[in-house]
Amino acid sequence: MKTAILATFAIVLGSTASAQRALGGARPASEELLFEVRDLGLPLDVRSPLHIEGDHIVFALREVQVDRNMDGDVSDHILASYDIATAATSTYGLAVRLTHSGFFGYPFEVSNGCVAVCVDEASQSADLNGDGDTSDFVLHVVELATGQVTNLGRAVSRWFNETAIAVNSDILAFLVDEARQGHTDLNGDGDALDVVMHIHRLSSGTTLNLQLPGYAGAPFQHSLETNNSVDIQGDQVAWSFVEQTDLNGDGFLRPILADYDVVTGQTTLIGTDVQSLRIGFSLVPDLLAFVEHEALVGDLNCDGDATDDQILHTYRPSVAGPKKNEKLDIQSVTGTGELVVITAREIDNHDFNFDSDVNDIGVQIFHVATGVLIPLNRPIEGTVYPLQIQGNLFFYNVPEVNHGTDLNGDGDVQDKVIHLYDAGQGTLTNLGLARDDLFPICGETLAVFRVSETAQGGQDLDGDGLVSSGVLFAYDMLTGTIHNLHARSDTFNFKVDGRRVVYRSSKGIIEIYDADARATIRLGHGATSFASIGRWTAFWSQETLHLAELNY
């Protein structure tokens, strides 16, 4: 039986609505949007992550008067799921440890109808990997459709509050801590001091020890960001680690890069130095981009010295040929399936933006298919963090002071103004908006960023009478238009789902902005975590789980 409907919201789309949306094709302009909100009555901890996988909402349920993992207490947080189709709640008897922030990772990840969960032995009051103690975090896999739970019996590495697991489609990559795994030598080097890379296939249930170390000193990444220690794209798994023995025969013990092909079972060791404080590597389908340091291997960009910092190299797994030296000294690299974006200092290369100096940080677009590098004639702010890519579109910030021009029309040259490069059309567009310190986030058809009222000429952009806030804006990739959401959002607490933006406002209210309706729905007060996919939005409000359904 379905829970009672708490509220219903209806919006009639106006004639200015877009004729297309990301899911389901065209929608008539006169059609009504209907939101129904239900309180599911499930006690949810404020720190619990929320995931929606198919018809299941996955979360950590707070024990209230009921011992759900049969350990003799009611003080744990238990992995659970809610089936939207049947309104049934399933608990799996697995206790997880929640941290105060998801920044360092979550205790479970969801993909391909499965949940990879690190069970806390201390909270579970059980030795789950057979090493005689209860101080480990042991990896389990839960199949949502059947409820089957499989204990992989491996103690995963943890760095601060981060659990070293990454999952993408059918591949689960994780690091096993030899010391926590009963002081077992898993890579055959004669000690039990390493963390060792393992691969688990969700479809077959098979687990493989790759017998190579991992690097637990930097977070696992699911997107392409700096300093990642593992990434999964298609059938390729790439990770970096520090050699304990000379594995690639260069006579040195250095950080190197490994690429594992799940189909062929082949592991390739690449590069000589790929891990630094400022840059890691970027894996996109059929391209692995990384850096080598001249200080360790000599002059790599043929400029007559060995003092440049980080020289870009690329490797294509499909041809398994040698790495290619792109001879470009770079600061950062990030990418998607179509584009790899590189930032580089002009002083180490040449005048990228033709302003008669070499004092800027420039941008180069690397086309994966052609291997061609294209410089953009605008300087960029900082290093990798402002970069966001979606398909052929690349959003980044241009510092006015470097460009010497007022780019947002507010009469000064002190701002960082958002620009859009369309690689398909070869065009660069100034959006004329000065963003604040929040990074932009891209979906399939919408890009969302926060604009600084102060930097935007002291304008009141959200109508609250003040000019000191960061206000959410959305760029519609289908229509090329910019939408002011007239809302302030907490840092990182927003996401893009199809044609909608879901965010937590500065007042703790979960709101949904529909780009086609050009309207905002307010769903719940006192909310923190949320998840959204398709027509469903799940969110935590007033200590229980709520579900909002959008009926077209």
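Good morning. Strand β22 (residues 287-293) and strand β23 (residues 310-315) run antiparallel and are joined by 6 bridges. Strands here are DSSP runs (E, at least two residues), numbered from the N terminus. Within this pair, Glu292 has Ile311 of β23 as its bridge partner.

A word on the source. This is a predicted model, in which local features need pLDDT of at least 70 and side-chain atom pairs count only at pLDDT 80 or more, while totals for chains, interfaces and linings use all residues. Residues are numbered from 1 along each chain as its sequence is written, and side-chain values use heavy atoms, with hydrogens and water left out.

Both strands belong to an open sheet of 4 strands, ordered β21-β22-β23-β24 with antiparallel pairing; two strands pair if DSSP finds at least two bridges between them. At the edges stand β21 (282-284) and β24 (324-329), each with a single partner strand, so one side of each has no neighbour in the sheet.

I turn now to Gln390, in strand β29 (residues 388-390). Gln390 is partly exposed, at a relative accessible area of 25% (buried is under 20%, exposed over 50%, partly exposed in between, with a 1.4 Å probe and protein chains only). Asp422 lies 32 residues away from Gln390 in sequence and 9.8 Å away in space, C-alpha to C-alpha. Beyond neighbours within four places in sequence, Gln390 is in contact with Cys442, Gly443, Glu444 and Met477, contact being heavy atoms within 4.5 Å.

Thank you.
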